[in-house]
Amino acid sequence: MSQPCFSFSSCRSIQEPLHFKPQEPKVVVAENENDKMVDVQDKEVTMEGLCSVAAYDQWTPLSVPGQRPKPRYKHGAAVVQEKMYVFGGNHNGRYLGDIQVLDFKSLSWSKLEAKVQSESAEPASVAPCAGHSLIPSGNKILSLAGHTREHTESLSVKEFDPQTCTWSILRTYGKSPSSRGGQSVTRVGDTLVVFGGEGGGRSLLNDLHVLDLETMTWDEFESTGTTPSPRSEHAAACYADWYLLIFGGGSHSTCFSDLYLLDMQTMEWSRPEQHGIIPEPRAGHAGVTVGDNWVITGGGNSKKGVPETLVLNMSTLVWSVVTSFEGRAPPTSEGSSLVLHTINGEDFLLSFGGYSGRYSNEVYALKTSLRPSVSSSRIDELETNGMTPLSAEVNSSREPIFEIEELRDDKNKGGDISKTLVQAVKREKNQVEERLEQEKLQSFNLKKELADVENKNAELTKELQSVRDQLSDEAARASKLEDEVSEIQQRLQKMETLEKEFELLRSERGGGSDESGSGSNKRPSSVGFRRWYGDDER
């Protein structure tokens with residue numbers, strides 16, 4: 001079983017997260033304490049669900065009926081079709097494998113009994129895990145990586161279908177990343193980007209892998225620039241389907257507050273300048289994006305837990321505080337989950353579980369006043385005030401990739417920009433069409449290979465059926481031979497019995513002849529002749 005990543009004292013239990021004060025007593029929330037709520041000043045939401053949360057940018061505890069899940073941290077959570085699905089986690093050092101569902105319409109908990117789709121006849125199961133990542137994919141949920149009791153060599157990719165309540169182990173191609181937990185998995189277009197985490201032997205990682213969701217093929221990219229140090233329990237986000245941001249996390253001796261930026265087109269890392277407040281170092285925090293805003297909650301370090309809920313405007317790299325919450329609750333905990341859900345045009349953040357001196361199974365909600373995106377007028381205003389948008393700051397250290405960007409950034413240059421833009425668009429269009437033709441050709445080749453494989457599979461199926469028929473015939477012959485052998489054995493037993501009875505009759509008859517010879521002067525019969533004759537000679 002994997003130990004917590006941030007070990008500041010070798011004497012502490014491996015079951016306790018190590019980002020909070022060592023002297024703080026550990027309280028485990030038992031299952032029979034599910035009806036208890038943390039003592040806070042805020043009023044509980046008991047009616048009308050999330051819509052009853054009136055105040056903006058304040059965390060509010062939700063009173064959710066139904067059997068509440070076992071308290072946990074380092075679990076995974078994802079929203080699909082008005083429901084939040086929670087899978088796995090860690091409770092008292094024990095990995096969990098259950099699936100809990102929070103219905104946003106009825107605002108009630110329920111537990112799913114999931115089954116596993118397996119090609120073999122033997123029953124299969126999904127191993128309990130913690131430190132994994134849940135990613136919504138259409139109406140299904142992907143689960144990647146995570147620590148399990150039994151170590152595996154490569155990172156696993158599973159898919160859960162809420163409609164059929166079925167797990168499937170997905171087959172991937174290419175070189176799979178090594179198994180790990182505490183990594184970040186970020187959706188960038190039609191790909192998933194995996195960064196860092198803690199691997200086997202508690203080794204910290206800073207490698208970068210990309211999974212193409214259309215072909216289910218892994219690629220490991222060699223990046224340049226200022227690469228983040230190896231870490232786990234960090235947070236990651238995607239901006240404009242172009243940039244990957246990494247914030248915080250920890251090693252075995254310290255926690256970080258640094259921010260890294262990866263250009264997904266050039267695969268170049270940079271460490272941009274941050275504005276606004278200075279975030280505290282933290283690990284085990286959670287993050288979710290609301291348009292251009294990246295909200296960060298929870299986490300902790302060697303000194304304390306972090307009470308502030310932060311937001312980073314990714315277009316300007318300005319940090320600010322949304323709210324501050326004092327007390328043991330998911331928004332201030334390590335290993336809690338954070339998801340976004342929209343109801344009637346209002347965006348709600350929901351924080352569940354975590355560890356802050358005790359394990360939690362509570363749900364807190366925050367109605368955010370953040371807007372989906374920053375308008376162009378707002379960006380122009382920030383430029384006027386001396387603040388630099390993210391795109392301008394990143395591109396200041398290199399030439400733009402696309403000619404369109406170069407023409408847009410070069411506003412002060414004269415010339416017929418519109419004509420040049422049309423030419424650039426045509427060139428881009430030709431390039432896209434060429435790529436499309438290449439993709440079509442590749443798709444055709446793949447379909448052809450798939451047809452060949454299916455034909456071979458059909459032939460092998462026929463051969464397999466033929467072998468099965470032969471085995472069935474041989475089994476019938478073997479059964480018939482066994483019956484014949486059994487019958488022969490019974491006959492042999494009868495013959496042995498007859499021989500014994502025959503020997504007994506011979507012995508009885510021989511004894512009777514001796515007695516008759518001794519009692520009269522008559523010559524013995526021919527049966528006893530030799531014995532009688534021999535006696536006369538002696």
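Let me start with L492, which sits in helix α4, the run covering residues 417-518. A reminder that what we have on screen is a predicted model.

Is L492 buried, partly exposed or exposed? Its relative accessible area is 45%, and because buried means under 20% and exposed means over 50%, L492 is classed as partly exposed. L492 also belongs to a nonpolar patch on the surface, together with I488 and M495. The accessible area of those three residues together is about 290 Å².

Next, T166. This residue is in strand β10, which spans residues 166-169. T166 has a relative accessibility of 10%, so with the buried cut-off at under 20% it counts as buried.

Last item, the cysteines. C165 has a relative accessible area of 14% and is buried. C129 is buried as well, at 1%. How many disulfides does the structure hold? The count is 0. For that count, a pair of cysteine sulfur atoms would have to be within 2.5 Å.

To recap: L492 is partly exposed and in helix α4, while T166 is buried and in strand β10. C129 is buried, C165 is buried, and the structure has 0 disulfides. That is what I have.

How values were computed
Residues numbered from 1 in each chain as written. Predicted model: local features only at pLDDT ≥ 70, side-chain atom pairs only at ≥ 80, totals over all residues. Heavy atoms only, no water. Buried < 20%, exposed > 50% of the residue type's maximum accessible area, 1.4 Å probe, protein only. Helix = DSSP H or I, 4+ residues; strand = E, 2+ residues; numbered from the N terminus. Patch = residues over 30% accessible without salt bridge, like charges linked within 9 Å, V, L, I, M, F, W, Y side chains within 5 Å. Areas by Shrake-Rupley, 256 points an atom, 1.4 Å probe, with all protein chains shown as cover. Salt bridge = Lys/Arg side-chain N within 4 Å of Asp/Glu carboxyl O.
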